[in-house]
Amino acid sequence: YDENSFQVYFTSLKFNQDNNANYSYKLEGYDDDWQDETDGRNYASYLKVKPGKYVFKIKAYNNFGLTNDNLSSINITIKDPFWASNWALVIYLVLLTGAFTLLRIVIVARIQYRNNLKFEKLQREKGEELIEIKTRFYNNITHELKTPLSLIQGPVERLIKEEDDPNKIKRLEIITRNSNRLQGLVNQILDLRKIEK
């Protein structure tokens, strides 16, 4: 491929003794028309010929226009550079296909990753929402228990102060102790909900 500038030398044995030979030549696939060489030069020059298969054809004639009937030709092949050969094109195609496949895998993985993140976020939000519902439920229940307990404890304490019978005071103290215990459990549930939140 890098030997694409060249010269082709030629001569005619029949006209050579008088040095009066003229030539017409053509590089098929490169030249459109026949080139005439009348100044006695016996070579053709070509520069930067593209890769491909060519046929160099030449015919000789004398000053009177009499031609030698023999048409001579030579095949000239300029190979493609290795990066433009068929094997290179196949390798490019394989690499391009591999790159496209890898790109597709990466894109699908990123989409899947984003979907997983969205799903996890949704799960977390639903979990937090469920915890919030539970917390509100427990808070409501504990407040509902706390209010009646307070309403029980106040009258019981007044009854203890007003009562003189030790047996009744003992029973009222049992009620106070149990209501205080229940009040402590309700407060612990409230504290636990605050810690969880």
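Reader: What is the relative accessible area of Glu28?
Author: The structure is a predicted model, in which local features need pLDDT of at least 70, side-chain atom pairs count only at pLDDT 80 or more, and totals for chains, interfaces and linings use all residues. Residues are numbered from 1 along each chain as its sequence is written, and side-chain values use heavy atoms, with hydrogens and water left out. With a 1.4 Å probe and protein chains only, buried means under 20% relative accessible area, exposed over 50%, and partly exposed in between. Glu28 falls in the partly exposed class, at 30%.

Reader: With which residue does Glu28 form a salt bridge?
Author: A salt bridge requires a side-chain nitrogen of Lys or Arg within 4 Å of a carboxyl oxygen of Asp or Glu. For Glu28, the closest N and O atoms of the pair are 2.7 Å apart, and the partner is Lys57.

Reader: How many residues separate Glu28 and Lys57?
Author: Strands are DSSP runs of E with at least two residues, and helices are runs of H or I with at least four, numbered from the N terminus. Glu28 lies in strand 2 (residues 22–28) and Lys57 in strand 5 (residues 52–61), so the pair links distant parts of the chain. Lys57 is partly exposed, at 21%. The separation of Glu28 and Lys57 is 29 residues.

Reader: Which residue pairs with Arg136 in a salt bridge?
Author: The search of the whole structure gives two salt bridges. In the one formed by Arg136, the closest N and O atoms are 3.7 Å apart. Because both residues belong to helix 1 (residues 86–162) and stand four residues apart, about one helical turn separates them.

Reader: Which strand supplies the largest share of the lining of the largest pocket?
Author: The largest pocket has a volume of about 270 Å³, and among its 16 lining residues the closest to its centre are Phe10, Thr11, Ser12, Ile58 and Ser72. By class, the lining has nine nonpolar, six polar and one charged residues. Strand 1 (6–9), strand 5 and strand 6 (72–78) each supply at least two lining residues. The largest share, four residues, comes from strand 5.

Reader: What is the phi of Lys48?
Author: Most residues other than glycine have a negative phi. Lys48 sits in the loop between strand 4 (43–46) and strand 5, and counts as exposed at 64% relative accessibility. Lys48, a residue other than glycine, has a positive phi, near 50°.

Key. On a 1 Å grid over the protein atoms alone, a cavity is a set of points where a 1.4 Å probe fits but cannot get out, and a pocket is an open set with protein on both sides within 12 Å along at least five of seven lines; lining residues have an atom within 4 Å of a point. Grid points are joined across faces, edges and corners, and a volume is the space filled by probe spheres set on the points. Ala, Val, Leu, Ile, Met, Phe, Trp, Tyr, Cys and Pro count as nonpolar, Asp, Glu, Lys and Arg as charged, and the others, Gly among them, as polar.
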